[in-house]
Amino acid sequence: MRDAPDKAGSGGRWDQLYGLLLRLVSMALLWVVFVQGEVAESWTVGLPTVLVAVVASYRLTPRPGGRVSVWGVLRFVPYFFWKSLVGGIDVGLRALRPSMPLRPGLVRYELRMRPDVVATIFFVGVISLLPGTLAASLEGDSIEVHVVDRTMAIDAQLAELEAKVARVFGEELAPRAGRDGPS
């Protein structure tokens, strides 16, 4: 297990305020979606509901597990949509070809992020959202991923995705043995 600084406990007052504002805005946006835009009529119930939801979120997850970088999110969103589009086209073309060039299988990926942080859970979820991949299990420092073609450069693609997710959450990546370290 890698050691890393505890970001949740090192933030101070500004990080606490940032976390509170992030939760308030998130819950308020969920409320707006829940009431399907009928915001003006629903705030008498919505405001207490949002406040209770924020308090409940602090009780259920007192450690936010890292700070979300707005710049990281702005760079991640177009990347995610582009990869979704390219992956969807690739899977569609494979399915439509008469030869059906599918070589499904499981691939093990060694994590460079700590496995016990929110960023890793987000990374696992994004893997499953991208066409052609499905995170099958997360055990220790590795993820088992089901892919439609195990001969593709899956390891490089997952490493790129992990780096993008790490930037969103401000996580540091451990060097990969034989790749990132000194040779």
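Biologist: Which helix gives the most to the lining of the second largest pocket?

Modeller: Helix 3 does, with six residues in the lining, where a pocket is, on a 1 Å grid over the protein atoms alone, an open set of points where a 1.4 Å probe fits, with protein on both sides within 12 Å along at least five of seven lines, and lining residues have an atom within 4 Å of a point. This is a predicted model, in which local features need pLDDT of at least 70 and side-chain atom pairs count only at pLDDT 80 or more, while totals for chains, interfaces and linings use all residues. Residues are numbered from 1 along each chain as its sequence is written, and side-chain values use heavy atoms, with hydrogens and water left out.

Biologist: Which residues lie nearest the centre of that pocket?

Modeller: Of the 19 residues that line the second largest pocket, Lys83, Gly87, Pro131, Thr133 and Gln157 lie nearest its centre. The elements giving two or more residues to that lining are helix 3 and helix 5, helices being DSSP runs of H or I with at least four residues and strands being runs of E with at least two, numbered from the N terminus.

Biologist: And what is the lining like by class?

Modeller: It has 12 nonpolar, four polar and three charged residues, with Ala, Val, Leu, Ile, Met, Phe, Trp, Tyr, Cys and Pro counted as nonpolar, Asp, Glu, Lys and Arg as charged, and the others, Gly among them, as polar.

Biologist: Back to helix 3, why does its span agree with what it should be?

Modeller: Helix 3 covers residues 70–96, and because its 27 residues at 1.5 Å a residue should span 39 Å, the 39 Å between its end C-alpha atoms agrees; the expected span is 1.5 Å times one less than the number of residues.

Biologist: Which of its residues are buried?

Modeller: The buried residues of helix 3 are Gly72, Phe76, Tyr79, Phe80, Ser84, Gly87 and Arg94, where buried means under 20% relative accessible area, exposed over 50% and partly exposed in between, using a 1.4 Å probe and protein chains only. They pack against helix 4 (118–129) and helix 5 (154–169).

Biologist: New topic: how many residues are in the largest nonpolar core?

Modeller: That core has 26 residues, and those with the most contacts inside it include Phe76, Phe123 and Leu161; a nonpolar core is a set of buried Ala, Val, Leu, Ile, Met, Phe, Trp, Tyr and Cys residues joined through side-chain atoms within 4.5 Å. Helix 5 supplies the largest share of this core, eight residues.

Biologist: What does Phe123 touch?

Modeller: Leaving out residues up to four places away in sequence, Phe123 touches Tyr109, Leu111, Met113, Ile143, Leu158, Leu161, Glu162 and Val165, contact meaning heavy atoms within 4.5 Å.

Biologist: Is Thr120 buried or exposed?

Modeller: Thr120, which lies in helix 4, is buried, with a relative accessible area of 0%, and among the residues it touches beyond four places in sequence are Leu111, Met113 and Leu138.

Biologist: Where does Arg167 lie?

Modeller: Arg167 lies in helix 5 and is partly exposed, with a relative accessible area of 41%. Arg167 and Ser69 are 98 residues apart in sequence, yet 7.2 Å apart in space, C-alpha to C-alpha. Setting aside neighbours within four places in sequence, Arg167 is in contact with Ser69, Gly72 and Arg75.
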